[in-house]
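Please look over the sequence and the model below before reading on.

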Amino acid sequence: MEQKLQRKHDRVIVAGGGPVGSVASYLLARAGVPVTMIERATDVVLDYRASTFHPPTLDLLEDSGITAALVEMGLVCPTVQIRDREIGKVAEFDVTRLKNETRHPYRLQCEQFKLVGFLYKALAQIPGIDLRFGHEVIDIRETEDEVVVGAEHDGSRIEVRGDIVIGSDGGRSTARKLIDVAFPGLTYPEHFLVAGTRFDFRAHMPDIASVNYTADPVRWFMLLQIPDMWRILVPVAPEVSPDDAVSDESLQSSLKTIYPRPDDYEIVVRAIYRVHQRVADTYRRGRVFLAGDAAHLNNPLGGMGLNGGLHDVISLTDRLIAWWTGKADAAILEGYEPQRRPEAINAIHAITTRNKKLLEERDPAVRARNLDEIRRTAADPERSYQYLLDATMISSLRRSAMIR
Ligand SMILES: Cc1cc2nc3c(=O)[nH]c(=O)nc-3n(C[C@H](O)[C@H](O)[C@H](O)COP(=O)(O)OP(=O)(O)OC[C@H]3O[C@@H](n4cnc5c(N)ncnc54)[C@H](O)[C@@H]3O)c2cc1C
């Protein structure tokens, strides 16, 4: 079928301009592929989800200039710790050991809205790109020679015609629903609470790293340094309402169990999320491709969702650009799903599930065994190296032949 796929309008429509859709639009537009990006929001949304960028993502985005912008806006974090609330440090992994595998041997912490802000400005400077903010995709219709996307804007309906649609409109993807693709998996019963404070945890807990995963049978937590604050991520029991969970009282109590102090913390960011592990049954229906959260969702323990979504659009846009520029025929698009979908399962889901189990284990014997295992992994040079390759997604990208 791909051999017959024709381009009638010479245009890719990107449905959803979050980080994944914006990067897709930028990579296509700078290669000369005409793009219409349709985004429901009218401007950058302050989204307190992703902040971690892994080394190979930075390598793969280097040529585009995105990496330089991220590094300038972000914080370089060379080590990652696994801790236990009672014991303290259990294991430390030094990402700089990967210096022969990557040009960016560290985790970079930069909030996803800063990436989106950078891209919206950069996209606006590319002549000919069609940016439709404040437009909500409501309809996708495909015929033999085109795809028509209907969107609502200020109460009116508009249509955009193109050859390919990238559905990058997030976990509740309208694009995915419109092309009737199932999204099986699970939703965790607990919510995940994010809070940000300018309190300097390292001044009071000198042995922590910038990225810390702390196990606890009741309230595990993640403590993460980002450029201008520290961020915590904690689970909220299913019976607690989201409103109660983000109340001052609840946030102060979460922060004070991490580092007790008589004064209240200054809280500058608060947000609550529902978290899922799901993978779309297929990443493609005809001319419509799914990428990012529209294609796969996972828990945030490991910082892999956005990275995986960026790997999706790097693969997909490379293929589209090769087709557009005549270096390959449309059959190259067939390789997208087999390259990316297995990694959502074998890398992203496998590792984030493992991480969550390690942090939340309640059985004291299993918990002690798991922590001992991670301690031994960190102490063994070969096993810790492999752990680092997996945790930074280098193994995943090698397995799928996106990097050598
Ligand atoms: C607490 C938390 C922490 C996380 N931390 C990390 C991390 O450190 N590293 C990491 O890699 N990942 C992390 N993730 C995951 C990461 O946030 C997501 O994978 C990422 O946001 C996905 O980007 P996206 O562009 O696919 O989707 P989204 O960010 O959801 O963007 C979708 C965009 O589509 C738009 N849209 C939606 N519907 C429509 C429509 N009908 N028409 C037009 N536009 C539409 C939305 O307005 C939005 O701008 C975290 C997740 C959580 C919950």
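## Basis and terms

Axes here are lines fitted to C-alpha atoms, for helices over the stretch in contact, with angles running from 0 to 180 degrees between N-to-C directions. Helices (H or I, at least four residues) and strands (E, at least two) are DSSP runs numbered from the N terminus.

This is a predicted model, in which local features need pLDDT of at least 70 and side-chain atom pairs count only at pLDDT 80 or more, while totals for chains, interfaces and linings use all residues. Residues are numbered from 1 along each chain as its sequence is written, and side-chain values use heavy atoms, leaving out hydrogens and water.

## Helices α3 and α4

Helix α3 (residues 66–73) and helix α4 (residues 112–124) have axes that come within 10 Å and cross at roughly 130°. The contact (heavy atoms within 4.5 Å) is made by Ile 66, Ala 69, Leu 70 and Met 73 of α3 together with Lys 114, Leu 115, Phe 118 and Leu 119 of α4.

## A three-stranded sheet

Three strands form an open sheet in the order β3-β7-β4, with antiparallel pairing; strands pair if DSSP finds at least two bridges between them. The edge strands, each pairing on one side only, are β3 (52–53) and β4 (75–77). Between β4 and strand β7 (residues 107–109) there are three bridges in the antiparallel sense, and Cys 77 has Arg 107 in β7 as its bridge partner.

## Arg 340

Arg 340 lies in helix α10 (residues 336–360). Its relative accessibility is 1%, so Arg 340 counts as buried, a term that means under 20% relative accessible area (1.4 Å probe, protein chains only). Leaving aside neighbours within four places in sequence, the contacts of Arg 340 include Tyr 283, His 311, Asp 312 and Met 402.

Conventions
Buried means under 20% relative accessible area, exposed over 50%, partly exposed in between (1.4 Å probe, protein chains only).
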